[in-house]
Structure formats: C-alpha cells, structure tokens
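Hi everyone, thanks for coming. Have a look at this one with me before I start talking.

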Amino acid sequence: MVNCCGLLTAKKEPVPLKSVEVEVEVRDHMATVVSTLLYENKEDKPLEAVFVFPLPGEAAVCHFSAKIGETQVVAEVQEKQKAREQYDDALSSGLQAFLLEESEQSPDIFSLRVGSLPPGESASIRLDYVTELAVQADDGLRFCLPAVLNPRYQPQGSEGGSFQVSSVPASLVPYSLSLSARVSSPRPISKVESNCTVEPLQYLNTEQTQATIKLGAGHKFDRDVELLIYYKDAHQPTAVVEAGQDSAKPGTLMGDSVVMLSLYPEFPQAVMSSVASCGEFLFVIDCSGSMGCPMNGRERGQSRIGSARDTLLLLLKSLPMGCYFNIYSFGSRYDHIFPKSVEYSQKSIDEALKVVEKMKANMGGTEILQPLKHIYSQPCIPSQPRQLFIFTDGEVENTKEVVNLVKRNSGCHRCFSFGIGEGASSALITGVAKEGGGHAQFITGADRMQPKVMQSLRFAMQPAVLDITVTWDLPKGVSVTPLSPPITTLFQGQRSLLYAQLTGESSGATEGCVTVKYNLVDQPSQNQLHFSLNPTEDTGLTAHRLGARTLIRSLEMEKGGNMGQHNDGVKEKVVELSVQSGVSSAFTAFIAVNKANGEAIQGPLLRRNVPTPTEPEPIQPPRDSLLQLISLQKASGCWVLEPSLAAALGRTSKEVEQAKPALVNKEVWATILALIWLHGFKMEAREEWELLAMKAVSWLHAQKAPSVTECVEAGNALLGCKVQKDALGL
C-alpha cells in the first residue's frame, strides 16, 4: 500500500470526497440520520466520483439532494433501470447528475455516483435515512453508523456483484467524519456510551429526557461508530401515532396516520425459572480468511476466530445433559464434527473441544448457503427443538438468498445470529434471526462476545411461544392495515415492533387498544396496550417511512432470493410503495439531474472510486482465568481435583488437597471450590457462567453430599473469599 500524500486513492489518484458530516436525531426507539458529504474536484478535467458505503440493514433512505454553488437539486425515487438510463443520458448530454442505489444482493450496501463535477467545482450531497434502534443484552438501544465496509465475499459460480468496492487501511482514509446526536424520549435518559471518543453527554432539560452528544475530533475510521442509549424504565410498552402528510391522498399509506408500537412481553416467573433440558443445538462457525481479523481494530487484540473459539467453549459447557449438538465450520467449503447430531456426554464434548481448539480462519471465502442447506436436509430429532447458532463476520454478497433459505425452513427451528467485528452485514445478521424466529447480536470493538451469546442461549432455552395473534380494538370509523409481518417469536424481556396504517376518523373515542395473545407451555397468556389516537407532536414522517420500509422488505422477501424470480406484481407493488413513500428499495433508485446550468460540461469524464476503510491484523492474547476454569468443567457439571484446577484457582495442588475436609468426595470439593471462585472473583461476568454454575449445583444436589457447609467454610478460607452457602444455590 503506498504511503499517500494529500487526497489520493490506493492508485495515487486524487480523492474527491473531502468530509462526511452526520447529524442524528434519536426519538425513543427511532433515529433520523442526516449525512452531508462534501465532494471537490481539484483536477483539471471533469470527474465522476463513485462512493460505495454501508448503511444499517434496517435503514430506510428517504431523502437525497445535491447543492452545487447556490443551486439545490432534490432527487426523486424512480424505478432503478429508468433512473440509471436517466443518469447516463444526463452525463452524455454534459449535464450534472447524481444517482443513489441500494445493492440488489444486500440491502445494507449503497452506491453513490456524483457525475460530471467540473474542474475546481465542489458539490455538497445530503443523504437522510431513518432506522430503528436494536435492543441489546443490557437493555441499551444500539445506534450504529457503519464506517467500515469490508469486501463482500462472492460465492463461486454466482453473478458478479453490483458494486465494486475500493478500500484502504483505516489510517489512510483521506476524508474526515464529524457526528453529533440529539436524544429525546418520554423517559429520562440515564446514560449514552460509545466505542469511540465522545464529548460528555449534555442534558438539555431538568427531567433529563433530552440530551446531546458529539463524536470527539479526529475519528480514525478504524471502527463503526456505535452509540448505546439507556433509558430509565426501558421495558415500558409505548405507542407513537403519527399524522399523515397533508399533501398525500387519504386512504394511502402517506395520507393516513401510522402507529408504531414497542411491545415488551412479560412471561409468568414460574415458566421462566424452568430452563429447558432438551434441544438440538447446532453451532455454525465462520472460518473464512476474514475471521482472522482482530475483534477491535485499534487495540489489535484477539482475532474474531479466537473469540469464537472461546465462546464455543463456554456454550458447550453450558448445554444441558440430555440435549444433542453438532458443530459446523465453513468457508469456501464446510465441515462438521459429527456426521449427525450426537447426544451430549463427556465423550462427545471432549471430542468436539479437541476440534474447536484447532479451528483457524483458513477456509477461504464465506459460503454460508451450503452448510445451511445440509443442516436443513437433516431430519429433526423428536422432542429436541432445533436451535441454530450462526457466527460470522457477515461479509457475503448473496445475503437475500441466505435469508430466504432460513425463512423457508423457519417452521422447524429457531436461528440465533452473531455479527462479529466491524463491518459485519447487518442485513444478513438481522435477516436470518428475524426470519428464523431467533435473536440477532452484534459484537464489535471492545465488546466481549460471551455475555451476548449467553443471553441468546438463555433465549434458546426459553420455551417456544406458540399461536401468537395480534388483535386491534379501535373506535367505529377507524380501520387498521398492518404494515409489519405477523409476529412469529416472542422472548421474555425482548422488544417487538409493530407498524400499522390507521384509516378513517372517529367522531368520539380517542383511544385504541392492541392485544397480543399467545400460548406458553400450554398456558394461554396475553399482553395489552392502550394508546391515544391523537398524533404525537412533531415526529416528522419517521414512523411512516419505517412502516413503508418494513412493508417493502416483506414484499421483497415474498419471492425467491434471486431477483429474476420476483413476480412482476410484487415488483410493481414495491416500486409504487417506494415512489409514494420516498423510501429506497431493491427495485428503485434516487436520481437528480442539475438542469440549472445551461452550459454542457466538456471533455471525457475521469472516474474516481472513493475508498472505504478496512481493518488491521490481530495478535493472539493468552486465555483468561475464567475460561481456564470453565474449560476444566465436566459435561455432568462437576469439576475434578487435578493440578490444572489448583492452578486455575491460583493455588498449589498441595494447598488444595490439604484444605479438603476429611470425609468429603474429591469431586464435590473441587466443584464447591470452583463455584466459590466464580462467585468470589468473577461476579462481573456472572451472565457468562450462570448456566454452567446451575448445572454444577444440580450435580451437587444429585450427589446428596454431606458436609456442604463445612466445605464452603474451608473453601472460603483457602481462596480468601466470603461467599455465603445460600449465594451458591446450595
């Protein structure tokens, strides 16, 4: 890679993009993002600048405009082919034109073309989108501005990707980024955290329901910019009713009111305390070359594959006795440890861990479709619900095909997905979890993978919620059209978002009610939310656009993964909806032509690709003490008294042997010591080891061991702890 001076690409060509300025308006669970990109042509010939960049997979692009000198040109949404032809025609006529389109393979990649920028001229491009904020394991709401676009892997034999990406190391990115965010909510904002350097949170009112935060100067583009927003009482269900557009026709999506509901189902405690002890757990691990990249670009820490290996160890140790499991690794090809899923036992777990320890990021490209097809071709095991865990850095080009495959098989399994590292495709990670009735997690920067994965394992062990129905009770004269697909999964404490169009007006009543009914372990349950039909003050058209995007995505998914298989009726419906709502889709593009300047631009156009950042190489750190201890636990839940256990506890074998009460079985003593150490030294990581500790406690109860109190006292004395017997669950 050349050491660039000034604004140059890797090929030493000048880069016309100078800066990216981002303003974020967060309202409760929704965000509106306004990005301004400044282009400048310092060459002596007219330019076409091409910038391929990532956006969140859930985003709905809803405005695109360009300002050249004092002239502002606002783009309109058109059918994609028509927009491309109009762009080419404009350039060949010497006019300036701007084209923004979504990749057909993956809805989180966009291409922006700035055409015919004359020598010495600058253009300011404005791009607006709206997005939902995903709920994290700790109830934080995640806003992510993807800054890193990793090259997408193209499966062999597939058609070429729609966009060519040029990329450089983060340290050489030749444009700057500034970001400011304003957060407002009906509930107080308790804190906002970021993986980047930010200026302190500034509250705008005494109730602390409004605040602003800014990205520190000099952002290096070595990571996506992530904001985690925490509200007090985050689990309260809420409703936002948004008035339609005055200029739009009543009865249409944009002319009617739209309601967005955030629902948080609460399940009975009795049901939640019984963790399932069965299931077929299938772990699908990406071992492609890109998994050798570091988890965190800046710290040059553990690699993605190293983190995945540690997480697999934790998962395998936490599985219940009586379940079945198998592990798949994939790259350009795929392998599985066992020909078919095996029962969980000491023998099978030892065999699996030997293979896991040797896993490397050495399997080439990222072809996830074939291992999934193989899994779905295997018959399910009676009375063992299938739970699929997919770990990938999500750099594939056939996203829609993969998501469609999961959707077609959604009746026979639940799918939990984990996007690892900067630049993982949110469309892929969110799509497979949504269609597979599971839950998606993103692991970036300094995040530990383990707590997020353990939360998903707990979800997988929750009983499946069946027969979910949503009913609306609205005043006479008001009817409802759902914009969201039917809810197929509910998890305790996890949010479900619903969008619906409200048509008509009521003469009297101003309240509506929505009821969600479902069956949980053969018990009928329901949650209700009453909401006002009066529109919420000034939310722009955010809910309308997110509702339109939700409906567009559902329609795009309705037919097979390849665009050619879409039936024309669905495509027409998507184009109509996209044009009407001004929201991007796979079949449309934003096009703007500047006709203000009468003079045609002379001379051949130089094409300049604006580079996007990629990541550095990792260094492998030693395994930490918690994983060391966990690796020694047996499948049954117990530990064995051995030198490696003493070392993990920070004691000598002799000290451990001598402290053992006289009549106590060695395995009981070893297991109690491990539990004391976990409670005494690793409480901050409790969510990581809680399930395997429950297994250990169950094993101890089954032994009916005498002298437990004496063991706990002796163990505390040996390890220098003060853990109570009750706290251990004994």
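Predicted model: local features only at pLDDT ≥ 70, side-chain atom pairs only at ≥ 80, totals over all residues.

Residues are numbered from 1 along each chain as its sequence is written, and side-chain values use heavy atoms, with hydrogens and water left out.

The chain has 16 helices and 34 strands; these are DSSP runs numbered from the N terminus, helices being H or I with at least four residues and strands E with at least two. Of its 730 residues, 56% are buried, meaning under 20% relative accessible area with a 1.4 Å probe, protein chains only.

Okay, first spot. Which order do the 3 strands of the open sheet take? They go 27-30-31, with antiparallel pairing; by the way, two strands pair if DSSP finds at least two bridges between them. Strand 27 (465-473) and strand 31 (523-532) are the edges: each has a single partner strand, so one side of each has no neighbour in the sheet. Strand 27 is joined to strand 30 (residues 511-520) by 7 bridges, and L466 has N519 in strand 30 as its bridge partner.

To get from strand 25 to strand 26, the chain passes through helix 7 (residues 426-435), a right-handed β-α-β crossover. Right-handed means that, with the strands pointing away from the viewer, the path from the first strand over the helix to the second runs clockwise.

Key
Buried < 20%, exposed > 50% of the residue type's maximum accessible area, 1.4 Å probe, protein only.
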